[in-house]
Amino acid sequence: MSLDKVHPSRTSPTRPRSISLLFQTLCLVLVGATSAFALHASPVLPHLFSDHMVLQRDMAISVWGRADAGEQITVSIAGQTAQAVAGADGRWKATLAPMAAGGPFILTVHGKTTVTLRDVMIGEVWLASGQSNMTFALSGTVNGDAEVSQANYPGIRFFTVPGKIATTPQMETRSTSWKICTPENAKDFSAVSYFFARTLHDNLKVPVGIILSARPGTSAEEWTDPDSLRRDPILQPILQSWAATSPAVKSFAENGGPIDLEFGDFELLPAQAGSDPKPFSNFDDRTTRTSTGGDWTYNWEAVPESTFELVSPGHDGTGYAARVTGTLDGIEFPHLTATFDSNSTPVDMSGYEGISFWARGSGSFQFQVLQPTITDTDNYGLGTKFATSDWKQVTVRFSELRQAGWE
């Protein structure tokens, strides 16, 4: 049975705990990859090499990066060194002898200048990949608050690969770094990865590093290189479909696209006929508070090239509206979320049949309602709506919402 055909009332009452607007310009699913890192007149390391990193024990240790062509590079850690020479393309790689678990160490990369990485550990390094079940955050698990408060493990570190579309292999990720497992950091860690790392750490008594490279809603084919797809007749239509894709879509996949959307004057629609709508949020007091005691938040970290702000005027020529502008690619799903109360607890919405609001701009969005019974990204929502340059009212009936998901 297709989950997107499940009516909310068949699984639970319509009791949303928050509402979300998911912004997007186009919805593309391509090969997940990364962006290239710049060439400078000194050793440059990928973001994967940073303070607090974990290197695999009992195996040769490779360190790589870029520098000026012909530049002599020396890599040192724990009393051993390795040399390399940057090639004509500026790339270099040095290999150190295997090391037993331990640390912390200082790793240096010396060329025309010196790069110093501190608090480097040697231990177990594992790759965690998958879909929404792998990206689901520790803070959202059963007893999540208690788990987060106790997640103080200096010997566990996480490196989360930021999502980005690319159609060719990349040498670098977006800007990020290794993070030590503290309660502040752990709340956003992958829950599955965290419990796996903690079990390894407790049993093996060695440092543990997790590299999380996962993306909700992606299939294995989207992570597979074109040559491998081409060798399988069953998978060849994927490449044929991409070859027939318009130049505009291909350009968007590589470079992203602009978005500029405004929203305002949210009202809850009473279920009782003849009753007046209840104001929910109009931003006219220049705050992001809702009339029910909640607040609007924006996921800044997931969309570093976008901005959320309150702008004047609103849709009726006065007051304020919420505006999101910037550049998105097809794998980014920034969301502007409003809670119904300050604790994000479930609220009985049986007295309302829906919600209405005004929207305008360039781009598209989805409306979703997060249900207490849904603990991943399969929320209840409607399909994509495209904004226009003029203000238009959007009305959402809760009875029309369908759960997202896969067959």
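This is a predicted model: local features need pLDDT of at least 70, side-chain atom pairs count only at pLDDT 80 or more; totals for chains, interfaces and linings use all residues.
Which residues of α4 are buried? Residues are numbered from 1 along each chain as its sequence is written, and side-chain values use heavy atoms, with hydrogens and water left out.

**Helix α4**

Select residues 191-204, which make up helix α4; helices here are DSSP runs of H or I with at least four residues, strands are runs of E with at least two, and both are numbered from the N terminus. The buried residues of α4 are Ala-191, Ser-193, Tyr-194, Ala-197, Leu-200 and His-201, where buried means under 20% relative accessible area, exposed over 50% and partly exposed in between, with a 1.4 Å probe and protein chains only.

Lys-205 has a positive phi of about 60° although it is not a glycine, and it is exposed, with a relative accessible area of 66%.

A search of the whole structure finds 16 aromatic pairs, counted when ring centres of Phe, Tyr and Trp (its six-membered ring) lie within 6.5 Å, with planes under 30 degrees apart called stacked, over 60 edge-to-face and the rest tilted. Select Trp-126 and Phe-196, an edge-to-face pair with 5.1 Å centre to centre and 75° between the planes. Trp-126 lies in strand β8 and Phe-196 in helix α4, so the pair ties together parts that are 70 residues apart in sequence. Trp-126 is partly exposed at a relative accessible area of 37%, and Phe-196 is partly exposed at 35%.

For a further stop, select Phe-263, Phe-266, Phe-283, Trp-296, Phe-357, Phe-365 and Phe-367, which ring pairs link into a cluster.

**The β4 and β5 hairpin**

Move to strand β4 (residues 72-77) and its partner β5, which pair in the antiparallel sense over six bridges; two strands pair if DSSP finds at least two bridges between them. Two residues lie between β4 and β5 in this hairpin, and Ala-78 in the turn has a positive phi of about 50°. Thr-74 has Gln-83 in β5 as its bridge partner. Colour β5 by face: Gln-80, Ala-82 and Ala-84 form the covered face, whereas Thr-81, Gln-83 and Val-85 form the uncovered one.

**Backbone stops**

Most residues other than glycine have a negative phi, and most peptide bonds are trans. Select Gly-103 and Pro-104, which are joined by a cis peptide bond with omega about 5°; Pro-104 is found in strand β7 (residues 102-110). Another cis peptide bond joins Ser-312 and Pro-313, with omega about 0°, and Pro-313 sits in the loop between β15 (306-311) and β16 (321-328). Finish at His-52, in the loop between β1 (18-24) and β2 (54-56), where phi is positive, near 75°.

Terms used. The expected span of a helix is 1.5 Å times one less than its number of residues.
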